[in-house]
Amino acid sequence: MSVTRAELRRAVAARMMRTVVGVAGGGSTVALADPAELQDAGASDDLWTGAWLHITAGANAGEVRRVAAYDPASGSVTVQRPFARPIDTTSEYELLRLLAPAELHRAIDDTLARCWRRTLADLTAVADGRQRFPLPAWVSRRQQVVEVWERRGAPPRGEHLRAVDWWRLTRSPDGHESPLHLEVGEAPDGALIVEALRPYEALTTDRSVTDAPVDWVTAGALAHAYWRLRRDAAADDVDRYAALQYEAACEFQRLSRLYQPRAVRRVQLGERL
């Protein structure tokens, strides 16, 4: 099941901080009002002071401002720096108390780079008279390669995959886009396919999607976010954030054992691992 960056950001934020997701009832270039979500006669004036106001859709979509003041009686926030256009009823927003959206995005992308999935990729031979095939640029470590297959057969009888008898990995020459090359013992009759563990791609926009499990990415992003907060926290908060980071890291490791594919490689005769 696919999930967007916006959904992941909100999942992480909801677990670590007080947050509001809503639609503005109106405003100006320096204020946003939403009585339905922000009006609270019993709240303190500094509840949202210093928080990040992230406009996610409508007027000023993608803009982020720090909150300078909060008026709980009217349900409005005033920002430190004006928006390019007045806030209106098309403006969807998020209020985040502890971390800016950019920090949450970094935490999500850092986690996706550590979460791998099993995938197949076609290979094309290098035209140098040898049976050498550059691996995809995302294969940077030998441990990612699980198996090498040869695609044989064709319709109407159908095609099938056969494991290549012998292959080895070598480092690519300097300046080559692919870190590793694959060498095979004999010329294949069909197309070669590498089976490898591939990290999930970073998400560039709120609408970008990933198939990574939501709970797995959320746990990893929480560990990263708490590390960031611990690094910059006042002395009284360091231990608290350290404990939360450890808890999230343990959850991420547990989910990694559940979701991370296992790679049982054949050891090739003469290959130096």
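What follows is a short exchange about this predicted model.

Q: Let's start with helix H5. How many residues does H5 have, and what span does it reach?
A: H5 covers residues 235-259, which is 25 residues. From first C-alpha to last it reaches 36 Å, close to the 36 Å expected at 1.5 Å a residue.

Q: Which residues of H5 are buried?
A: Tyr241, Gln245, Ala248, Glu251, Phe252, Leu255 and Ser256.

Q: Why would residues three or four places apart in a helix point the same way?
A: An α-helix has 3.6 residues a turn, so residues with that spacing point the same way.

Q: And what do the buried residues of H5 pack against?
A: Three helices: H1 (5-16), H3 (101-114) and H4 (214-232).

Q: Take Ala223. Where is it, and is it buried or exposed?
A: Ala223 is in helix H4. It is buried, at a relative accessible area of 12%.

Q: What does Ala223 touch, leaving out residues up to four places away in sequence?
A: Gln245, Ala248 and Ala249. Of these, Gln245 and Ala248 are among the buried residues of H5.

Q: How far is Ala223 from Arg5?
A: The two are 218 residues apart in sequence, and their C-alpha atoms are 17 Å apart in space.

Q: Switching to H1. What about Val12, buried or exposed?
A: Val12 lies in helix H1 and is buried, with a relative accessible area of 2%.

Q: Which residues is Val12 in contact with, beyond its neighbours within four places?
A: Leu104, Thr218, Ala221 and Leu222. Val12 and Ala221 are 209 residues apart in sequence, with 6.9 Å between their C-alpha atoms.

Q: Aromatics next. How many aromatic pairs are there in the whole structure?
A: The search finds 3 aromatic pairs. In one of them, Trp216 and Phe252, the ring centres are 6.3 Å apart and the planes are at 20°, so the pair is stacked.

Q: Where in the chain do Trp216 and Phe252 sit?
A: Trp216 is in helix H4 and Phe252 in helix H5, 36 residues apart, and the pair links distant parts of the chain.

Q: Are those two buried or exposed?
A: Trp216 is buried, with a relative accessible area of 1%. Phe252 is buried as well, at 5%.

Q: Which residues form the aromatic cluster?
A: Trp216, Phe252 and Tyr259 form one cluster.

Q: Which Arg residues lie over the face of a Tyr?
A: Arg117 lies over the face of Tyr200, 4.9 Å from the ring centre. Arg240 lies over the face of Tyr241, at 4.6 Å from the ring centre.

Q: On to sheets. What is the strand order in the open sheet of 7 strands?
A: E2-E8-E5-E6-E7-E4-E3, with antiparallel pairing. Strands E2 (19-23) and E3 (26-27) stand at the edges, each with a single partner strand, so one side of each has no neighbour in the sheet.

Q: How many bridges are there between E2 and E8?
A: E2 pairs with strand E8 (residues 92-96) over 5 bridges, in the antiparallel sense. Val23 has Glu92 in E8 as its bridge partner.

Q: What about E6 and E7?
A: Strand E6 (residues 64-71) pairs with E7 over 4 bridges, antiparallel. They form a hairpin with 4 residues between them, and Gly75 in the turn has a positive phi of about 75°.

Q: Which strand does E4 pair with?
A: Strand E4 (residues 31-33) is joined to strand E7 (residues 76-79) by 3 bridges, and the two run antiparallel.

Q: Which residues stand opposite Thr78 in E7?
A: Ala31 stands opposite Thr78, and Ala69 stands opposite Thr78 too.

Q: And the 3-stranded sheet, what is its order?
A: That open sheet runs E10-E14-E13, with antiparallel pairing. Its edge strands are E10 (132-134) and E13 (167-171), each pairing on one side only. The twist averages 30° from one strand to the next.

Q: How many bridges join E13 to E14?
A: There are 5 bridges between E13 and strand E14 (residues 180-184), and the strands run antiparallel. Leu169 stands opposite Leu182 in E14.

Technical notes:
Residues are numbered from 1 along each chain as its sequence is written. This is a predicted model: local features need pLDDT of at least 70, side-chain atom pairs count only at pLDDT 80 or more; totals for chains, interfaces and linings use all residues. Side-chain values use heavy atoms; hydrogens and water are left out. The expected span of a helix is 1.5 Å times one less than its number of residues. Buried means under 20% relative accessible area, exposed over 50%, partly exposed in between (1.4 Å probe, protein chains only). Contact means heavy atoms within 4.5 Å. Two strands pair if DSSP finds at least two bridges between them. Axes are lines fitted to C-alpha atoms, for helices over the stretch in contact, and angles run from 0 to 180 degrees between N-to-C directions. Rings of Phe, Tyr and Trp (its six-membered ring) pair if their centres lie within 6.5 Å; planes under 30 degrees apart count as stacked, over 60 as edge-to-face and the rest as tilted. A charge sits over a ring if NZ of Lys or CZ of Arg is within 6 Å of the ring centre and within 35 degrees of the ring normal.
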